[in-house]
Amino acid sequence: KSAGSADDAQQLQAELATLRVEKTDMWRDLAGLRAENNDLKDDLGDAKKALRQAEDSSRQAMERAESAEEKVKEMTSGDEVKQLREELKEREAKEMHLESDVAKLQHQQE
């Protein structure tokens, strides 16, 4: 019996040693997973921050575009366009009149 008990004890000690090695490996793996998890949390935090910044930038760009669009609408309102067209016609008429006067003066000098 003592030989069998010695063998049983050796076998149990070998299993215990294997379990201890496996436990050490598992703790090491767990530490690695925790580190990886922390890295992923950091990456997620960075991504969320970048997203917030992009959203803020996008919102600001949209506000600027809307403001510019309002200014364009104000500048091209019907009354203002009509007024500018009338001024342009008046200037063109003045230009034609002056060209005619210049042509008459040139003709008189000849």
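Biologist: How many helices and strands does the secondary structure of the protein come to?

Modeller: This is a predicted model, so keep that in mind throughout. The protein has 2 helices and 0 strands. Its radius of gyration is 45 Å, well over the 13 Å that the globule rule gives for 110 residues, so the protein is more spread out than a compact globule. The C-alpha trace spans about 145 × 35 × 15 Å along the principal axes.

Biologist: What percentage of the residues count as buried?

Modeller: Buried takes under 20% relative accessible area, and 0% of the 110 residues count as that. The protein exposes about 10500 Å², with 54% of that area supplied by carbon and sulfur atoms.

Biologist: What makes Arg-28 and Asp-25 a salt bridge?

Modeller: The cut-off is a side-chain nitrogen within 4 Å of a carboxyl oxygen. For Arg-28 and Asp-25 the N to O distance is 3.0 Å, so the pair qualifies under that cut-off. They sit 3 residues apart in helix H1, which means about one helical turn separates them.

Biologist: And why is Arg-28 called exposed?

Modeller: Exposed means over 50%, and Arg-28 has 52% relative accessibility, so it gets the label. Asp-25, at 29%, is partly exposed.

Biologist: How do you know that Asp-29 and Arg-28 meet in a salt bridge too?

Modeller: Their N to O distance is 3.9 Å, and the limit is 4 Å, so the pair counts. Asp-29 has a relative accessible area of 44%, so partly exposed is the label there.

Biologist: What about Asp-56 and Arg-59, how far apart are the closest N and O atoms?

Modeller: They are 3.1 Å apart, and the two residues form a salt bridge. This pair is also 3 residues apart in helix H1, about one helical turn. Asp-56 at 34% and Arg-59 at 44% both count as partly exposed. As for shared partners, salt bridges join Asp-25, Arg-28 and Asp-29 into one network. The count comes to 4 salt bridges.

Biologist: Which residues gather in the patch of negative charge on the surface?

Modeller: Glu-36, Asp-39, Asp-42, Asp-43 and Asp-46. Patch members need over 30% relative accessible area and no salt bridge.

Biologist: How far apart are the mean positions of the positive and negative charges?

Modeller: 5 Å, for 19 positive and 28 negative charges.

Key: Residues are numbered from 1 along each chain as its sequence is written. This is a predicted model: local features need pLDDT of at least 70, side-chain atom pairs count only at pLDDT 80 or more; totals for chains, interfaces and linings use all residues. Side-chain values use heavy atoms; hydrogens and water are left out. Patches are made of residues with over 30% relative accessible area and no salt bridge: like charges are joined within 9 Å, nonpolar side chains (Val, Leu, Ile, Met, Phe, Trp, Tyr) within 5 Å. Accessible areas come from the Shrake-Rupley method with a 1.4 Å probe; for residues, only the protein chains shown count as cover. Lys and Arg count as positive and Asp and Glu as negative; His and the chain ends are not counted. The place of a charge is taken as NZ of Lys, CZ of Arg, CG of Asp or CD of Glu. Helices (H or I, at least four residues) and strands (E, at least two) are DSSP runs, numbered from the N terminus. The radius of gyration is taken over C-alpha atoms; the globule rule is 2.2 Å times the number of residues to the power 0.38. Buried means under 20% relative accessible area, exposed over 50%, partly exposed in between (1.4 Å probe, protein chains only).
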